[in-house]
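I opened this notebook to record what I looked up in one structure. The entries follow in the order in which I made them.

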Amino acid sequence: MGKLRFFDLHCDTITRERGTVPAANSFELREERVKDVSLTGTGFHVDLDNIPAAWDWCQTFALFIPDRYRGQAAVDYFQRCADAFHRQMEAHRDIIRQVRAPAELEDALARGLRGAVLSVEGGAALGGRLEQLEHLWQEGVRMMTLTWNGVNEIGSGSDSQMGLTPFGREAVARMEELGIIVDVSHLNDPGFWEVARMARRPFIATHSDSRAVRAHSRNLTDDQFQVIRDMKGLVGINFCTMFLADVEEGDTRVTPEQLMAHILHLLDLGGEDCIALGSDFDGATLPAFLEGTQSLGDLRDVMLAAGLGEALTDKICFQNAMDFWKRYEKTPG
């Protein structure tokens with residue numbers, strides 16, 4: 001067995017408090033340094049102190065824009081979140097580094113550091129202004145989930161049935177030009193198919209599961225997954241219990257076998273090269289057997305026990321995400 005490697009496509013750790021950006025002096029990615037215990041509750045899923053030093057690890061940190069923010073308020077909220085993220089990168093530069101390209105991630109890992117990719121969850125961060133995308137790019141944002149569950153200037157999330165707006169179609173085209181990866185998680189079905197028709201570069205679903213296994217609007221149909229597969233895109237398996245199994249919100253009684261059912265079904269659809277991890281750490285209720293980043297090794301063991309083998313397990317845990325990012329960079333915008 002080689003070195004354990006993990007590349008997770010989505011967590012809400014920076015904005016875990018669901019819309020409240022913690023003060024700079026009280027929010028930490030290392031729990032032992034958190035000064036205000038009221039912010040931690042049962043502890044962050046993503047805690048730098050809980051990640052074994054021997055692992056290669058890259059985490060995508062999503063700046064979640066709640067649906068109550070629109071226009072300039074959403075732009076301002078994004079900036080506060082981005083500033084909090086950059087403060088954390090500076091505070092822990094001896095452990096983790098923001099990476100803006102695959103080569104930067106490879107360099108960070110070679111130096112024994114962890115990688116951090118910045119993303120946005122909710123295109124309301126643009127405030128309806130196309131030029132804001134260039135600012136996101138300069139901040140280091142490399143992926144953007146177009147919507148959350150509601151309606152924003154780009155389009156409609158899983159709570160409605162409208163597709164992309166004219167501005168949304170412009171935004172998708174501009175994202176592809178800049179190199180900000182289009183993320184269709186949370187997007188509803190009409191919006192998904194609009195993206196699929198217009199996309200010139202592969203796109204991703206950072207944290208979605210299989211609707212054939214669990215009939216939830218946040219999950220992908222087989223047809224949708226096959227489109228992403230054929231475009232050489234990427235799908236991150238979400239650990240949210242309600243997306244994995246038919247349970248109520250807050251119920252942690254989801255088994256490893258129920259999670260594996262999604263992976264195995266997507267593999268049956270030819271997903272060997274396009275399945276990755278999309279945990280939703282610090283943004284969802286997780287199964288009891290997944291306590292946080294430190295549990296990824298246990299999840300890897302579950303995959304091995306299910307018969308996936310070392311090579312395929314490593315692809316799902318790390319290599320597919322890395323290969324996608326490299327492949328995306330070579331695709332004309």
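I looked up burial first: of the 333 residues of the chain, 61% count as buried, that is, under 20% relative accessible area with a 1.4 Å probe, protein chains only. The model is predicted, so local features need pLDDT of at least 70 and side-chain atom pairs count only at pLDDT 80 or more, while totals for chains, interfaces and linings use all residues. Residues are numbered from 1 along each chain as its sequence is written, and side-chain values use heavy atoms, without hydrogens and water.

I then turned to the nonpolar cores (sets of buried Ala, Val, Leu, Ile, Met, Phe, Trp, Tyr and Cys residues joined through side-chain atoms within 4.5 Å). The largest has 85 residues, and Met144, Leu146 and Phe239 have the most contacts inside it. Helix H1 (residues 72-91) gives the most to this core, with 8 residues; helices are DSSP runs of H or I, at least four residues, numbered from the N terminus. Apart from this core I found another of 20 residues, including Leu234 and Phe318. In soluble globular proteins, nonpolar side chains tend to be buried together.

Which residues does Phe239 contact, leaving aside its neighbours within four places in sequence? Among them I noted Leu244, Leu259, Phe281, Pro287 and Leu299, contact meaning heavy atoms within 4.5 Å.

For the chain as a whole, I recorded that residues 24 or more positions apart account for 70% of the contacts with a separation of 6 or more. The C-alpha atoms fill a box of roughly 50 × 45 × 40 Å, taken along the principal axes.

Key: Buried < 20%, exposed > 50% of the residue type's maximum accessible area, 1.4 Å probe, protein only. Helix = DSSP H or I, 4+ residues; strand = E, 2+ residues; numbered from the N terminus.
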